Amino acid sequence: MKGKIKYFFVFVLILFVFLSVFPLLNISKPLYADSNSDVNAFVTRFYQQCLDRQPDAEGLSGWVSALLNHSITGAAVANGFINSQEFASKNLSNDAYLLVMYKAFFDRGPDPQGYIDWMGQLNSGSSRQYVLEGFVNSVEFADLCSKFGIERGSINGSSSGSVASASSAASTGGMVPIFAFHSVMPGSGYEYEISTGQLNELCSLLKQRGYQTISFQDLFASVNGGKALPPKPVILTSDDGYQSVYQYAFPILQSYGFRMTLFLSTDYIGTSEGARRTNSFDAGYPARAMLVWPEVTAMASAGYEIQSHGTNHDRFGSMSFDQALTQLQSSKAIIQGFSGGVCNVAAWPFNSFSPASVSALTAASYGAGVAYSGGSLNTTAINWGAMPRIPVQASTSIGSLSGYLP
């Protein structure tokens, strides 16, 4: 009996020592916490600090779900909020922008020297994306993420903090027209289908005015890295993935020495002639054949950029964050697998998008989304979630298009 009592007291003593010492070990939470409340609090901070409001239920649920299932990191969340349309619309001064960055990323006000250094870089021409990378990749942000059980991740941008200057598109004052069309046939059959004559007119006009086609990758390199654009840059785009683009638009553009960006709805792109599909998503319009991958890769080999238009041409504005993320990730994987190029831009089908779908862009590692309206792009104030384009349709006159070309 005495032996049992002795062991009991030894056990109690060991337990007491363990409970006393354990808190002193300061063992941190594991990365990718499974605690919904911690992740919820992490995301809510960004709504409050960056957008000055409480989170909407759908947006919060989407971010929290993506963090809990380990598909994104803290860096993706931060990038999504800072590059969101809602944050950009606040039009903050450099001073106000830095105050938000310190509070959101470091949970404190700015220290004097750090503030002076960042303000100096912004005022000397460094981009806000460059500043964002510095805050996201810092040890202090890693510590904040760890506090909530989140892996920090990183943003890997250009080595330069310079923004594209007006001289990178000197003749257009920093404006880049992005033209958008769909099917191209010898004779137009409906409003969203232009004729080969219209495309020839547009290309001839661009050539006469001295415009040179660029890709979205060229644009990104200019804005983020300071790469010079031609004096008169233009981007030509086609949505959906019609076979007529390969049959008729491709040779026309080649004759002018122009390139183009194709936005494909990947479910409609067949692997062979026998698997060729039609535009069943265009209810009420004439049936048109869609591209097959050998035709797509032929254009990619000629320098054409292949980007995403989702998988099934559904409206992203009606999707949840998870649904949008799945479509963007799936289409990216398919396009990159077939084309061998980078897929990091999405065109919104039906010009339909929402804050949830724009947030999913960042989570799926896209650099931008593009709209089907809005006029020419101003490279000094880019809305990365919905970059503007100029629609070209059957009823569009060449005179109206020339108005976008200085």
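Is Phe350 buried, partly exposed or exposed? Select Phe350 and show its surface. Phe350 has a relative accessible area of 38%. Buried would need under 20%, and exposed over 50%, so Phe350 is partly exposed. Keep in mind that this is a predicted model.

**Stop 1: around Phe350**

Stay on Phe350. This residue sits in the loop between β9 (345-347) and α15 (355-363). Check the backbone next. Most residues other than glycine have a negative phi. Phe350 has a positive phi, near 60°. Arg315 lies over the face of Phe350, at 4.1 Å from the ring centre.

**Stop 2: past α15**

Select Ser365. You are now in the loop between α15 and β10 (368-374). Here is another positive phi in a residue other than glycine: Ser365 has a value near 65°. How accessible is Ser365? The relative accessibility is 55%, so Ser365 counts as exposed.

**Stop 3: the whole chain**

Zoom out and colour by secondary structure. The protein chain has 16 helices and 12 strands. It has 406 residues, and 49% of them count as buried. Now show the aromatic rings. How many aromatic pairs does a search of the whole structure find? The search finds 26.

**Stop 4: α6 and α8**

Select helix α6 (residues 94-106) and helix α8 (residues 128-136). Their axes come within 11 Å and cross at roughly 20°. Angles under 35 degrees count as roughly parallel, and α6 and α8 are therefore roughly parallel to each other. α6 passes α8 in a right-handed crossing. Show the side chains where the two helices meet. On the α6 side, the contact is made by Asn94, Tyr97, Leu98, Met101, Tyr102, Phe105 and Phe106. On the α8 side, pick Arg128, Val131, Leu132, Phe135 and Val136.

Zoom in on Arg128 and Tyr97. The charged end of Arg128 sits over the ring of Tyr97, 4.5 Å from the ring's centre.

**Stop 5: α7 against α8**

Which residues meet here? From α7, select Trp118, Gln121 and Leu122. They meet Arg128, Tyr130, Val131, Gly134 and Phe135 in α8. Arg128 is in this group, and it also takes part in the contact with α6.

**Stop 6: Gly153**

Go to Gly153, in the loop between α9 (139-147) and β1 (175-176). Gly153 has 23% relative accessibility, so it counts as partly exposed. Leaving out residues up to four places away in sequence, Gly153 touches Thr73 and Ala75. Now pick Val77. Gly153 and Val77 are 76 residues apart along the chain, and their C-alpha atoms are separated by 9.9 Å.

**Stop 7: Ser215**

Finish at Ser215. This residue lies in the loop between β5 (212-213) and α11 (216-225). Is Ser215 buried or exposed? Its relative accessible area is 9%, so Ser215 is buried. Show what surrounds it. Not counting residues up to four places away in sequence, Ser215 touches Ile235, Arg259 and Glu305.

Notes. Residues are numbered from 1 along each chain as its sequence is written. This is a predicted model: local features need pLDDT of at least 70, side-chain atom pairs count only at pLDDT 80 or more; totals for chains, interfaces and linings use all residues. Side-chain values use heavy atoms; hydrogens and water are left out. Rings of Phe, Tyr and Trp (its six-membered ring) pair if their centres lie within 6.5 Å; planes under 30 degrees apart count as stacked, over 60 as edge-to-face and the rest as tilted. A charge sits over a ring if NZ of Lys or CZ of Arg is within 6 Å of the ring centre and within 35 degrees of the ring normal. Helices (H or I, at least four residues) and strands (E, at least two) are DSSP runs, numbered from the N terminus. Buried means under 20% relative accessible area, exposed over 50%, partly exposed in between (1.4 Å probe, protein chains only). Contact means heavy atoms within 4.5 Å. Axes are lines fitted to C-alpha atoms, for helices over the stretch in contact, and angles run from 0 to 180 degrees between N-to-C directions. Angles under 35 degrees count as roughly parallel, over 145 as roughly antiparallel, 65 to 115 as roughly perpendicular and the rest as oblique. A crossing is left-handed if the near helix is turned anticlockwise from the far one by less than a right angle, and right-handed if clockwise.
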